[in-house]
Amino acid sequence: MLKFNKKTVLSVLWCYCVISLYFASKFYIEGITHIYPSSEKSDISFIAEKDSLNDEDYAFILNQTGLGKSAVNSLSSLSELEEYQQIYYSPIDFICKRNSPVSSEEYVPKPLLKFADIEDGDILITRSSHVFSWRNGHAAIVINAEEGRTVEAVVIGRNSSVQSLDKWEHYPNVTVLRLKNASSEERKSIAEAAENYLVGRPYNLIVGFLPRKYRSIEKQGSTQCAHLVWLAYASAGYDIDSDKGLIVTPKDIYESELLEVVQTYGMG
């Protein structure tokens, strides 16, 4: 007859708990990969009958299409707006794939998403990146909207680099943010600084602890995705880290009051 001592039983229970928590968290992660609109799809044709839109109209359109004020104003017809509404409510299929030995990201093979209004200096945020069961997210700054180029610190083990904007349409959740009350020239200047000084920097997950969070953009040694975006703006005098902590995350930038939503998709 097999006999188990107390230490063996506790070890088995501990392993069981860890495995259970892992699969439970994985189930939770998959559940928030793409959050569909909580409100029912409504008729938005009344927009075409209005000479001008007020804040309540823009809030309603954002709720129905995921488009912020600037994106709505960039469209030329009701049919375009209705197309974005259809995209916003349509079901999607996604897969999860590894992008490093310790991290993964969700990917939509046949994306429906398309960006309505992208400008130089815009910020891209997604929750689709995760390390095991921790959804750390990812961030990027648009450096050339016309050519579809971003600067990103993509993953541990790789230097920051210029990436394609097109890949962001394959994420099942994404938000485009823009600096409030700033001219396009100023935002373009911030984008240029990111391209000139923050490409080719080693990835450092704990930048903020070691080395310190803020250094001159010209002297910055290492970075990570959210820190890269934050530093580009901090160097221009804008602290877009909402909680002002030592380490800046995509979530911190997403919640910054200095930024406004241009477009959101699958974020809830």
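## The three-stranded sheet

Two strands count as paired if DSSP finds at least two bridges between them. In this predicted model, that rule gives an open sheet of 3 strands in the order β1-β2-β4, with antiparallel pairing. β1 (95-98) and β4 (129-131) are the edge strands; each has a single partner strand, so one side of each is left without a neighbour in the sheet. On average, and ignoring direction, neighbouring strands here are turned by 30° against each other.

Let's look at one of the pairings. β1 and β2 (residues 103-107) run in the antiparallel sense, joined over 4 bridges. Across this pair, Cys-96 stands opposite Glu-106 in β2.

## Salt bridges

The whole structure contains 14 salt bridges. One of them links Glu-119 to Arg-178, with the closest N and O atoms 3.7 Å apart. Glu-119 sits in the loop between β2 and β3 (123-126), while Arg-178 belongs to strand β8 (residues 174-179), so the contact ties together parts that are 59 residues apart in sequence.

A second bridge brings together the side chains of Lys-213 and Asp-241, at 2.5 Å from N to O. Lys-213 comes from the loop between α5 (184-197) and α6 (225-234), and Asp-241 from the loop between α6 and α7 (250-254), so this pair ties together parts that are 28 residues apart in sequence. Buried means under 20% relative accessible area. Lys-213, at 11%, is therefore buried, and Asp-241 is buried too, with a value of 0%.

For a contrasting case, take Glu-255 and Lys-251, whose closest N and O atoms are 2.9 Å apart in a salt bridge. Here Glu-255 is partly exposed at 41% relative accessibility, and Lys-251 is exposed at 52%. Elsewhere, salt bridges with shared partners join Asp-117, Glu-119, Asp-122, Arg-178 and Arg-187 into one network.

## The enclosed cavity

Now for the empty space. Rolling a probe the size of a water molecule over the atoms shows where such space is left. The structure holds 1 cavity of 30 Å³ or more, and the largest cavity has a volume of about 30 Å³. Its lining consists of Thr-65, Tyr-84, Ile-87, Tyr-88, Leu-113, Gln-263, Thr-264 and Tyr-265. The elements giving two or more residues to this lining are α4 (78-89) and β9 (259-265). By class, the lining has 5 nonpolar and 3 polar residues, with no charged ones.

β2 gives the most, with 5 residues. In terms of class, the lining of the largest pocket divides into 10 nonpolar, 10 polar and 5 charged residues.

The second largest pocket has a volume of about 240 Å³. Of its 13 lining residues, Arg-127, Arg-135, Asn-136, Pro-250 and Lys-251 are the closest to its centre. Lys-251 is also the salt-bridge partner of Glu-255. The elements that supply two or more lining residues are β3 and α7, and the largest share, 3 residues, comes from α7. The lining of this second pocket has 5 nonpolar, 4 polar and 4 charged residues.

Notes. Residues numbered from 1 in each chain as written. Predicted model: local features only at pLDDT ≥ 70, side-chain atom pairs only at ≥ 80, totals over all residues. Heavy atoms only, no water. Axes fitted to C-alpha atoms, helices over the stretch in contact; angles between N-to-C directions. Salt bridge = Lys/Arg side-chain N within 4 Å of Asp/Glu carboxyl O. Buried < 20%, exposed > 50% of the residue type's maximum accessible area, 1.4 Å probe, protein only. 1 Å grid on protein atoms, 1.4 Å probe; cavity = no way out; pocket = protein on both sides within 12 Å on 5 of 7 lines; lining within 4 Å. Points joined across faces, edges and corners; volume = space filled by probe spheres on them. Nonpolar A, V, L, I, M, F, W, Y, C, P; charged D, E, K, R; others polar.
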